[in-house]
Amino acid sequence: MIELKEVSKSIGGTLVLDRVNLSVEQGECIAIVGPSGTGKTTLLRLIAGLEPLDSGSILLRGTEVSRPGWQLPPHARSIGFQFQDSALWPHMSLCDNLAFALNSGKIRALECLRRAGIEALASRRPSEVSGGEARRAALARALAPAREIVLLDEPLTHLEHALRDGIAQWIAAELKAANAACVWVTHEPAEVHGIARRILTLKDGQLRQMQSP
Amino acid sequence: MRPCLLFVCLVLLLVSGCRQSAPPREVVVYVSVDQIHAEPVLKRFEQQTGIAVRAVYDVEAAKTTGLANRIVAERSRPQADLFWNGEFVQTLRLQAEGLLAPSSPASAASLPALMRDPQGMWFASGGRFRAILVNTAKLQPANRPSRIEDFLSPRWHGGDLAIALPLFGTSAAQAAALYATLGEQKAHDFYRDLSKRGVRVVDGNSVVRDLVAQGSAVAGFADSDDSCEAIASGAPVQLVLPDQDGPGTLLVPGTVAKLAGSPHPREADALIDFLLAPETEKMLIDSGFFQVSARPGGAVSPCLQGRTVKTMQVGLPQIAAELERSRLDLTAIFNR
Amino acid sequence: MNRWGRLATILSFALFLLICWAPVAALLAAALSLPFSRMDAAWLPGSRRLFLLLETLGYSAAVASLATLIGTAAALYCWRRSQTLARAARMAALLTAAIPPYLHALAWLPVSAALPGHGAGELTGWLSAIWVQALAMLPFCFGIVLFALDDLDPRGIEAARICATDLRLLVRILLPLLRPAIMAAASLALLLTLADHSVPSLFSRSTYAMELFEEFSASHNAGQTLISALPLMILGLLPLVPLARFWQKAAQRPSRSAAPLPPLQTGGITALLLFASAVFVLLPALALSAALAQHFDQPSLWLQAIAAGAPDLATSAGVAALAAIIACLPAVVLSRALIAHPRTLWWMVCTPLAMPSALIGAALIWIWNRDLPLPIYGTFWMLVLAALARFAPLTVLALAAWRSRMDPALLEASRVYASPARAFARVELPLLAPALLAGGMAVFVLSLAELGASLLVTPPGRGTIALRIYNYLHYGASAAVSALAFCLMATAAIVLLAAALLWKRRA
């Protein structure tokens with residue numbers, strides 16, 4: 001589903017990704033761990049099409065979507081993306097946030113919120129809900145059914161420990177139900193225990209296998 | 001989205017409000033008579049004739065040159081039908097540039113020869129005097145100046161007297177008139193001596209009025225409209241019409257002229273006729289813009305207390321012709 | 001960027017260049033077509049002009065210092081304070097920013113007349129003008145400094161409070177931290193004062209900007225006026241440097257959540273600051289109310305003046321509304337570009353702000369008074385163009401500042417989930433709405449009271465309310481002026497309050 005071939009990217013003169021290769025199958029979830037500043041988020045942004053790459057190519061569903069000098073716009077890639085800080089649009093209610101992202105009516109949006117367990121908050125704006133609730137809404141947006149490719153950028157950071165396990169389990173269930181390919185970026189390997197099939201580390205621009213759980 | 005919609009509606013409303021359906025008859029006039037005085041006159045014209053008046057008013061700061069220059073700038077595509085000027089210098093300048101057109105209004109028949117152009121290019125209407133304003137608290141009647149030359153008397157100390165810089169407006173016209181009547185040498189000597197004796201040279205006639213009204217200066221050259229305003233406000237001042245026993249006081253008349261290429265010539269003729277009518281002159285004298293009619297024996301401001309005034313017999317073109325030369329000379333004298 | 005995005009960028013740049021830079025280009029063209037001898041004469045100022053330039057500079061510097069001093073003191077008092085006075089000061093800053101300097105003059109003309117040597121007195125004339133212009137500049141200085149104070153990192157201040165009194169905090173921490181903001185406030189006041197001739201002329205004092213206006217009125221030669229204006233324009237560009245520095249800093253800092261800091265407690269100094277706030281809030285309001293109330297007993301005169309001025313008010317409001325809307329169009333794209341290339345584009349955006357208003361009028365006549373397929377000369381649109389040329393950069397600045405404080409992930413998220421057009425309409429535009437509102441309001445309020453350029457381009461039969469007030473003001477404060485001033489201020493206040501309410505709902 002997701003394939004990176006010899007992808008390189010430098011930011012401000014520093015080589016962040018150095019000829020990276022990666023392949024993620026349908027229904028597979030992989031985790032990428034590493035300290036901050038190593039280029040984990042950049043990798044996700046390249047897959048999402050938010051940034052151009054310097055060399056190499058990226059394929060989604062077997063079709064090339066990025067190569068140097070050309071890239072398919074992000075919205076045409078049909079992916080789910082969880083940003084580090086939720087990035088819910090503050091001028092829309094939670095329901096509108098989902099309806100806009102799904103390009104659908106409110107019924108589908110409400111269904112997604114129901115699965116996230118926050119249906120009751122549908123009409124509230126992001127500023128009117130707690131951090132955990134906002135994160136659930138943002139995740140609901142990224143995991144909305146029929147998204148075959150999901151990119152998660154530290155989905156559990158800044159959340160209370162008590163909430164984390166619940167949300168992680170819910171994410172795992174949703175990914176399984178959708179049979180989605182997922183790249184999960186985190187700096188805590190423990191988070192993805194039992195969810196990710198492979199855990200990779202990103203260091204000096206290179207991806208390395210850490211362990212097989 | 002609703003506020004946006006409301007906003008758009010509001011804008012459309014405003015825009016539609018800004019578009020005016022063209023009135024059947026209209027006249028475009030550039031006015032350098034003060035708006036506060038001119039507007040009621042033009043309103044009355046609209047009421048009487050049904051012709052819509054579209055006016056552009058000059059601002060005090062531009063000293064009447066603003067609109068005259070706009071007329072020059074619009075030479076290739078004239079926008080205005082007539083120029084209604086509170087004085088005459090710029091009107092004559094436009095005549096020299098070939099920007100005026102002749103007309104023959106019926107109400108101009110009673111104007112004396114000095115107050116109209118022989119070819120009908122411009123006509124005078126109402127006027128102000130170049131007067132001497134005297135502070136009555138500071139000066140006993142015997143000591144008050146009655147002639148322009150009295151300003152050179154050795155009894156004044158520096159700073160007693162004030163004049164407006166004679167490069168602009170009516171003070172420039174007064175200087176040009178002196179150059180025309182006294183001759184260049186005598187006029188030059190007069191202003192040079194004024195400058196040497198330390199007379200206060202300020203930026204405008206209204207400043208002279210204020211200085212004299214407060215007593216910081218004992219006397220100064222001023223316009224009769226400013227002077228009458230000071231008298232009306234109760235300041236201890238008196239208006240002296242200079243040189244009544246000599247060549248007479250300079251009258252600065254307002255002028256009305258039709259512009260070449262006027263887009264609405266018939267309406268322009270109607271407005272010119274209206275502006276020159278004795279009733280219109282009287283309106284402007286009553287409102288305080290003019291003090292005297294341009295016709296002998298016409299209306300006179302109550303501020304002059306019924307005095308008959310001997311006016312300087314000098315043609316307006318003669319004054320206008322001296323203007324450039326006198327200005328150059330005075331620029332050197334007053335080091336500007 | 002897709003094809004439509006590129007097209008929008010090109011159109012936005014073209015519109016901005018047409019609005020703000022066409023006048024500059026026109027003046028340059030007019031100046032270059034002058035014979036060399038006239039250029040020389042205009043460029044080398046005579047002794048009188050040189051003196052006038054120095055006098056203008058001194059006057060502007062005095063205004064900037066006074067306004068910055070009182071504005072800073074008032075802002076320091078109001079910072080983190082919720083007492084009535086502090087709240088009133090914030091409100092007053094919003095509302096009085098909309099009052100043009102010549103209306104403050106209306107309030108103070110009678111006071112100035114009572115001073116010895118009124119009008120002619122060089123010193124009293126200047127002092128009155130400085131005082132009035134400083135009052136007009138106060139809300140801007142107050143606003144900038146207060147914004148900078150609210151933007152300070154509360155943790156640093158808390159850390160300082162642990163080891164120092166508030167007085168030391170003020171002197172050693174706050175004032176040094178505020179220096180860019182204070183410089184920016186002074187620069188803005190200097191810039192606006194250099195270009196404004198309305199107040200000194202009402203107190204019978206002449207300034208260099210006035211001289212330019214007179215020169216153009218006398219010669220109608222735009223090129224020659226530009227050359228005469230060069231010294232003033234160069235002086236006007238200088239304040240842009242500290243303003244740029246402050247803006248770039250302010251725009252790049254993410255807004256911080258406000259920790260509950262107590263206000264400054266500095267003993268005697270607090271009383272001084274309190275006094276400054278009181279001066280700021282009470283004096284202009286009292287003076288204006290007194291000036292208005294003075295003639296309130298003549299309702300028939302008020303009604304007459306309002307009836308006469310109503311068409312002018314409608315024209316002004318129409319001009320201001322159109323200018324505000326049109327100014328927002330290029331700003332959406334231009335603000336994005338300004339953030340991407342702040343160094344180069346800052347000057348492109350801000351240089352037009354240093355153009356004296358009379359020159360803009362002169363340039364517009366030069367451009368449009370010829371046979372063109374668009375018959376704009378002599379129409380209402382000349383006034384709109386004049387307002388745009390003067391104030392359109394403000395919307396770009398407002399939007400750029402807002403954009404750089406927005407979480408970039410919000411726009412990126414919209415790119416992931418929606419097409420560019422949908423993302424723009426449903427996410428980017430609504431997120432920018434508060435800044436569009438603020439920038440648009442600034443343009444509206446300033447255009448409503450615009451005078452310098454309108455004087456030259458007003459079409460026949462369509463005066464603006466500002467022109468009428470200015471013409472009447474030369475006869476001193478009267479019932480007619482009071483009535484018209486009241487209408488102008490009420491219009492500005494209603495629109496501003498409506499905008500403030502909308503802002504509160506949106507932000």
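How many salt bridges does the rule find across the interface of domain 1 of chain A and domain 2 of chain A? The rule finds 1 salt bridge there, a salt bridge being a side-chain nitrogen of Lys or Arg within 4 Å of a carboxyl oxygen of Asp or Glu. The side chains of Glu174(A) and Arg115(A) form a salt bridge, at 3.2 Å from N to O.

The model is predicted: local features need pLDDT of at least 70, side-chain atom pairs count only at pLDDT 80 or more, and totals for chains, interfaces and linings use all residues. Residues are numbered from 1 along each chain as its sequence is written, chains are lettered from A and ligands numbered from 1 in the order in which they are written, and side-chain values use heavy atoms, with hydrogens and water left out.

Chain A divides into domain 1 (2–78 + 148–211) and domain 2 (87–146); these bounds come from an automatic or database domain assignment. Their centres, taken over C-alpha atoms, lie 23 Å apart. Contact (heavy atoms within 4.5 Å) involves 17 residues of domain 1 and 11 residues of domain 2. The buried area is about 1,100 Å², with 64% from carbon and sulfur atoms. Buried area is the accessible area (1.4 Å probe) that two parts lose on being put together, summed over both. In domain 1, Ile167(A), Trp170(A) and Glu174(A) lose the most area to domain 2, together 46% of what that side buries.

Chain A also holds an open sheet of 5 strands in the order 2-1-4-5-6, with antiparallel pairing. Strand 2 (14–24) and strand 6 (70–71) stand at the edges with a single partner strand each, so one side of each has no neighbour in the sheet. Strands (E, at least two residues) are DSSP runs, as are helices (H or I, at least four residues), numbered from the N terminus. Two strands pair if DSSP finds at least two bridges between them. Strand 1 (residues 2–11) and strand 4 (residues 55–60) of chain A pair over 5 bridges. Lys5(A) has Ser57(A) of strand 4 as its bridge partner.

Between chains, 18 residues of chain C are in contact with 23 residues of chain A. This interface buries about 1,800 Å², of which carbon and sulfur atoms give 64%. Arg415(C), Val416(C) and Tyr417(C) supply 38% of the area that chain C buries against chain A, more than any other three residues. The count between chain C and chain A is 1 salt bridge. Arg45(A) forms a salt bridge with Glu412(C), the closest N and O atoms being 2.4 Å apart.
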